[in-house]
Amino acid sequence: MSRLPVTLLAAWLLIALAGQVLPLTPNEIDLEQLFAPPFSAARPLGGDELGRSLLDRLFTGAGISLLVAGVSVSVSATIGTALGLLAGYLGGAVDRVVSRLIEIFLAFPGLLLAIALAAFLGPGIGNVVLALSVMGWVGYARLARNQVLSLRHRDHVLAAVALGRGPVAIMRLHLLPLLLAPLLVEASYGVASAVIAEAGLSFLGLGVQPPQASWGSMIREGVRYLLVAPHLVLAPGIALSLVVLAANRLGDGLRDRLDSRLSRTYA
Amino acid sequence: MLSRVLDTVIVLLGVVTLVFFLGAVVPGDPVDVMLGERASGADREALRSAMGLDKPLATRWLSYLSGLVHGDMGTSLVQSRPVSALIAERLPATLALAGSAFLVIVFLAFPLGLIAALHRNAWPDHLAGLFALLGQSIPNFWLGPLLVLAFSIWLGWLPVSGSEATGSLILPAITLGTSLAAISMRMLRASLLEVMSQDWMRTARAKGLGVWQALWRHALPNALLPVITLLGLQLGGLLGGAVITEVVFAWPGIGSLLIDAIGQRDYPLIQGVVLLIACSYVVLNLMTDLLAGLLDPRIRA
């Protein structure tokens, strides 16, 4: 697996953390620097329509996307895995209810559910995290359920049942560890879609509110000045696409590795 | 087959219920939207009871449901017109956009998928792979401005936004279609590669068919089924993606209607658009499944 995705993601992490430590001034208005072109001393990546530093805003935006992606992916992976495990192992009524819920949540294509939730909850970063968590659990639940359905008749599970292990212990000790690898693949794709979704909501004005900087809201504001200052849209877009690209590639790489390991072990 | 239809009805019922309760538990009050927050208590109560908001939640849910069955999606809070009429005005623009984007998907995905599979691990394959990766990693709301920058501002070939000028549909359709084309292309490539490694493909070549004949007569028909299923899914996905694309290009469809409605807190209109998109998606999925069953009897069993 190539190192590039990992390097890019590490850079994202580092930039996001640096944004918390460095004395950034992402909201400092300076009319001298109005639409300043890139590579000037005061504004290394140029200035926006209020003369604010694009570089500082890019750093702040990295922090926002990392925070939203990190929290929403953790929450939705935890809830989704738990529900999928329960549905797959217990079966019966639990499985019917969870499966129906999965189908209902899958009925909203793309960002539609997140947009609807943000519409009713109102804007703000907390609500974005909530909306993305509500939208995201389905993928993990479906994955966990399908895996458990094929794992539950394995010898080691049957042996544990025969030895009198309770269902909670079996799920936690004998099923969950086998789910972790595929869930990790799903989570890397999940990071990519959460980053896109946060930026998308902010682009629509439903996420982070001005003057706070997010890559999505930077694109939203920059689009109006495409003619005079294309770098307002190019800079956050490149950052966004690199992170999404890296997360997608990481998912592909992990999946390939997992596939070859699976075929070596079980073929 | 029948149970699949029955399942779909249950899912549709669930979708309606979810969207209804989203609107019911909303922190803001529809009455605030209509009267403003300084209205007197008596006025508010009068309007609440006129709108049926003072009735229990279950009663309201039932009346919303029975309204939907009769094609009544409620009344816009802001424009005092039926939601269904507002949506009907905007729907043709969205369908035109989604239809054109679907053509973009087909015309990008098929040639690229075919070339990639035929030249596996050579440079055309790598190039197609790069397209797929970029297509999946560049979101609509960035691809749109990039295309505008290149084709409208720098080259001056196409209009920036709106729907009046000729050619105004081209950039929105490419923006909406590209990411889905990337997924279809990957799928077609994988599916073709699997089919081409089958014994009967070797037989077809051995009995004297050329590469293209074998591909056309034997490989494509067999590789197409998963792609048709995926295209069916994407037709519905286009409606979801259209929301952002319409905002980028100020395209006057139901997506920009939805975002305007959110800005004005026009809850019945928001619910109407969300329901329409979700339900179309579900119904299109059902139709794709049924079509796949017709094309491949093995699935029906």
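Predicted model: local features only at pLDDT ≥ 70, side-chain atom pairs only at ≥ 80, totals over all residues.
Laid along its principal axes, the C-alpha trace of chain B spans about 85 × 55 × 30 Å.

Chain B splits into two domains, with domain 1 covering 2–59 and domain 2 covering 93–300. Taken over C-alpha atoms, the centres of domain 1 and domain 2 of chain B sit 35 Å apart. The two domains of chain B do touch: 15 residues of domain 1 are in contact with 13 residues of domain 2. Between them, domain 1 and domain 2 of chain B bury about 1,200 Å², and 77% of that is on carbon and sulfur atoms. On the domain 1 side, the residues that lose the most area to domain 2 of chain B are Arg4(B), Val19(B) and Val33(B), which together account for 38% of what that side buries.

The rule finds one salt bridge across the interface of domain 1 and domain 2 of chain B, and the side chains of Arg4(B) and Asp289(B) meet in a salt bridge at 2.7 Å, N to O. Polar contacts between domain 1 and domain 2 of chain B come to two residue pairs, both at pLDDT 80 or more. As for which helices are involved, α1 (2–24) and α2 (30–35) of chain B each supply at least two residues of the domain 1 side that touches domain 2. The largest share of that side, 10 residues, comes from α1(B). By residue type, the domain 1 side of chain B that touches domain 2 divides into 10 nonpolar, three polar and two charged.

Now for the contact between the chains. Here 40 residues come from chain A and 43 residues from chain B. The area buried between chain A and chain B is about 3,500 Å², with carbon and sulfur atoms giving 83% of it. Within chain A, Pro109(A), Leu112(A) and Phe120(A) lose the most area to chain B, and together they make up 20% of what the chain A side buries.

Charged pairs are counted here too: there are two salt bridges between chain A and chain B. Arg186(B) pairs up with Asp252(A) in a salt bridge, the closest N and O atoms being 3.5 Å apart. The count of residue pairs in polar contact between chain A and chain B is two, both at pLDDT 80 or more. Helices α3 (92–105), α4 (112–121), α7 (167–203) and α9 (231–266) of chain A each put at least two residues into the side that touches chain B. Of the contributors, α9(A) gives the most, with 12 residues.

Helix α2 of chain A (residues 54–90) has 37 residues and reaches 53 Å from its first C-alpha to its last, close to the 54 Å expected at 1.5 Å a residue. Gly91(A) follows α2(A), and the phi of Gly91(A) is positive, near 65°.

Note on methods
Residues numbered from 1 in each chain as written. Chains lettered and ligands numbered in written order. Heavy atoms only, no water. Domains from an automatic or database assignment. Contact = heavy atoms within 4.5 Å. Buried area = accessible area lost by both parts, 1.4 Å probe. Salt bridge = Lys/Arg side-chain N within 4 Å of Asp/Glu carboxyl O. Polar contact = N/O pair within 3.5 Å; in protein donor to acceptor, adjacent residues only side chain to side chain. Helix = DSSP H or I, 4+ residues; strand = E, 2+ residues; numbered from the N terminus. Nonpolar A, V, L, I, M, F, W, Y, C, P; charged D, E, K, R; others polar. Expected span 1.5 Å × (residues − 1).
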